[in-house]
Amino acid sequence: MQKGSFQLVLQTGSLVVGFMVWVILSSLMPYIQSDIALNPGEVALVTAIPVILGSLLRVPIGYWTNRYGARPIFTVSFIVLILPVFVISSAGTMMTLILGGLLLGIGGAVFSVGVTSLPKYYPKERHGFVNGIYGAGNIGTAVTAFLAPVLANSFGWRITVQFFIILLALIAVLNFLLGDRKEKKVQVSLGEQIRSVYRNPKLWLLSLFYFITFGSFVAFTIYLPNFLVNHFGLDKVDAGLRTAGFIAIATFLRPAGGWLGDKFNSFVILMLVFSGLTFGGFLLSFTPSLPIYTVGCLGVAICAGIGNGTIFKLVPMYFSKQAGIVNGIVAAMGGLGGFFPPIILTIQFDWTGHYAIGFMALSEFALASLILVVWLYYQDKLSLSKQVLESTESGMMITDLKGIIKQVNPAFTKVTGFTPEEAVGKTPAILQSGKHTKEFYKQMWVEIETKGYWQGEIWNKKKNGEIFPEWLTISTIKNDADEPKLHVAMFSDISKK
């Protein structure tokens, strides 16, 4: 097995364990409540607390992974996780659960390790799929959501929590022995990396998108087990099984989202994702019956899974040199996206007696993200067009239908000597050599209007007065209604030929 493939398997397995531990409290909360008296607000706080450190630590962990490699970060993280797991297993008060839950967040924070480390082993065109496979490690939340209630029925919730100590020790040893000791390191200071990216709007837009997609995944993972028991009266194992189904769908579709991002335009995929989340949140806001509620949750799972995979295709595309810190920031925002909704939903239910406003907020945030994705899509197209214009070796000049020059490229200045400031706002007449008759230009424009383009040799004049031959192509650019909008001229000096 190649080194990259082996590390993908090892790190994905590590993420599975990390996420299994991360959701112990939410998966076992119905059992914990029978032993420790907690009101709904306290339940929401205890289950959301692991998300805090799991979110905030993603930034430094992403940076440390770039600097030291995945092996030591995974090893140390899983050793440290043994302490909060033990504390929770012996907890008797809400405060003990909160303290243990805070450190439990490390299990979610290790997500930043793989998305920073694994792209080093693969070409860019596979980053989306690879990060999608790694991200599928969040299936660990489904394993715990399904398995923990079953074990708790047989052994009690405290013994069930202690089982995870064995698993953590095993995965720590595996990473220490089998992790890549020669992983490529990036020795750039944290402050320097942050300064190089924090003003880039794409960082914060990607963070917002992941805040919605991964945030909805985490929020539903935390929120569903208790909600299904209390609101629909399901038994604890049934609620755990349904939650595991939600997690499994979102998880297995994450690699699909990465693959789609590799094969197609990632922004188009995100348009579909946020359209689906907008509809899903709208449907759930009406507090429907269980079957319709299930459809809404499945829609959220599908869109969240695909969206999570697609977004992490975009991160290395735009931030290849600062992948560690950017992965950390984006992942942290996703984690925080899962912290607030359960608390807000609980508070809102206490005030109003229903969850409609909370789900409608998800719908509105998704709609706002959809609008921003559409804007990014067209900005990306304009940026690409600008790069093509500026990098081509041929001189280019864009005019409106009246012949006023709107834009020229660097090659235009190189060939003619006219700077953009000297050319923009003028007409192409500044280049006329005097060697052609009015009839020549008249015939040229007749051909442009009938055929949509003209091509041939022409004599023009440079800024210094030198007359030179050029090969010129003039094309008419039309809009979607087939109406002429611009003229584009492309030319090159052929005097040497």
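Modeller: A disulfide is defined as a pair of cysteine sulfur atoms within 2.5 Å. By this rule the count is zero disulfides. The model is predicted: local features need pLDDT of at least 70, side-chain atom pairs count only at pLDDT 80 or more, and totals for chains, interfaces and linings use all residues. Residues are numbered from 1 along each chain as its sequence is written, and side-chain values use heavy atoms, with hydrogens and water left out.

Colleague: What makes C297 and C303 buried?

Modeller: Buried means under 20% relative accessible area, exposed over 50%, and partly exposed in between (1.4 Å probe, protein chains only). C297 has a relative accessible area of 8%, so C297 is buried. C303 has 11%, so C303 is buried.

Colleague: Why does Q455 count as partly exposed?

Modeller: Q455 has 44% relative accessibility and therefore counts as partly exposed. Q455 lies in strand 3 (residues 453–461), a strand being a DSSP run of E with at least two residues, and a helix a run of H or I with at least four, both numbered from the N terminus.

Colleague: What makes the pairing of the Q455 and T473 side chains a polar contact?

Modeller: A polar contact is a pair of N or O atoms within 3.5 Å; within protein, one must be able to donate a hydrogen and the other to accept it, and residues adjacent in sequence count only if both atoms are side-chain atoms. The side chains of Q455 and T473 make such a contact at 3.0 Å.

Colleague: How many cavities of 30 Å³ or more does the search find?

Modeller: The search of the whole structure finds three. On a 1 Å grid over the protein atoms alone, a cavity is a set of points where a 1.4 Å probe fits but cannot get out; lining residues have an atom within 4 Å of a point. Points are joined across faces, edges and corners, and a volume is the space filled by probe spheres set on them. The largest cavity has a volume of about 50 Å³.

Colleague: Which element gives the largest share of the lining of the largest cavity?

Modeller: Helix 3 does, with three residues. The lining includes W22, T47 and I222.

How values were computed: On a 1 Å grid over the protein atoms alone, a cavity is a set of points where a 1.4 Å probe fits but cannot get out, and a pocket is an open set with protein on both sides within 12 Å along at least five of seven lines; lining residues have an atom within 4 Å of a point.
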